[in-house]
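Me: I have a structure open and would like to learn how to read it. Could you walk me through some of its features?

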Amino acid sequence: MEPFGSRLHQALAKRGPLCVGIDPHASLLAAWGLSDDVHGVERFSRTVVEALAERVAVFKPQAAFFERFGSRGMAILESTIRQLRDAGALVLLDVKRGDIGSTMAAYADAYLNPSSPIYVDAITVSPFLGFGSLRPAFDSAALHGGGVFVLALTSNPEGSQVQHARTADGRTVAQLLLDEIAQLNAGAEPLGSIGAVVGATVGRTGEDLSRTNGPFLVPGLGAQGGDPAGLREIFGDSIDAVLPSYSREVLAGGPTVRGLIDATERSLDACRRALGG
């Protein structure tokens, strides 16, 4: 399959620079007038697909909100993934997996192997066990044309305890991760398939993002406090590689299809203005 970086570049050019989260948490289901059970999650997911599947470039389902309902919740997730991909959208599953050896290989096989029922275009991963421990995910992505987004500079206040710590050579942990990603993406055109997760509220951190040559998944926009107008301050000349991600800001437009479409168009317009300069 064509590399994820290339497919992402094409999707953003066609549908615009936007990723929409699919996060059916209890308070959102209640706001939509839905029950906090598999029936509510199924109705919620079906409405998002109906409204946005053919309009948005990338969707980011949060696996935990489906996993909490066991096998029936996972069946809804599988169906949602299939419908989104059938509509031409890319699916980035937010699972934040991170382990070693055969376990990491099994995670990679579950999400990045086309033979899996929960196969997606890309996943998020956690590098806490060391960047090298993620090698099975990188290898599977390369083999099957998938993508991997590594947590690097997150917006949560606890993240700085690890991400801003200094390594033996003086780099921050975040910079080490960004440099490792850059090596994997070296020479890729128009964009590498290994990305970094960088929160929209991190501001100027001092890290060098310019050599990564991969996409930046940027959560935290809208209801979480991030403003598209501030993206250029964070990413500078790498602004073209930014994938802005909205969840609550868009999903609050439900439960109607029209409300979701309107909220999406507002968010996409804001991102286009900010990224277009």
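**Strands and their partners**

Reply: Strands (E, at least two residues) and helices (H or I, at least four) are DSSP runs, numbered from the N terminus, and two strands pair if DSSP finds at least two bridges between them. Strand E3 (residues 90-97) pairs with E4 in the parallel sense, over three bridges. Before we go on, this is a predicted model, where local features need pLDDT of at least 70, side-chain atom pairs count only at pLDDT 80 or more, and totals for chains, interfaces and linings use all residues. Residues are numbered from 1 along each chain as its sequence is written, and side-chain values use heavy atoms, leaving out hydrogens and water.

Me: Through which helix does the chain cross from E3 to E4?

Reply: The path goes through helix H6 (residues 101-112), and this β-α-β crossover is right-handed. That word applies if, with the strands pointing away from the viewer, the path from the first strand over the helix to the second runs clockwise. E4, helix H7 (residues 135-144) and E5 also make a right-handed β-α-β unit.

Me: How many bridges join E4 to strand E5?

Reply: Four bridges do, and E4 runs parallel to E5 (residues 147-153). One partner to look for is valine 148 in E5, across from isoleucine 123.

Me: Which way do the side chains of strand E4 point?

Reply: In a regular strand the side chains alternate between the two faces of the sheet. In E4 (residues 122-125), Ala122 and Thr124 point one way, Ile123 and Val125 the other, and all are buried. Buried means under 20% relative accessible area, exposed over 50%, and partly exposed in between (1.4 Å probe, protein chains only).

Me: How many aromatic pairs are there?

Reply: Rings of Phe, Tyr and Trp (its six-membered ring) pair if their centres lie within 6.5 Å; planes under 30 degrees apart count as stacked, over 60 as edge-to-face and the rest as tilted. By this rule there are four aromatic pairs. In one of them, the rings of phenylalanine 131 and phenylalanine 138 have centres 5.0 Å apart and planes at 35°, so the pair is tilted. Phenylalanine 138 is buried, at 5% relative accessible area.
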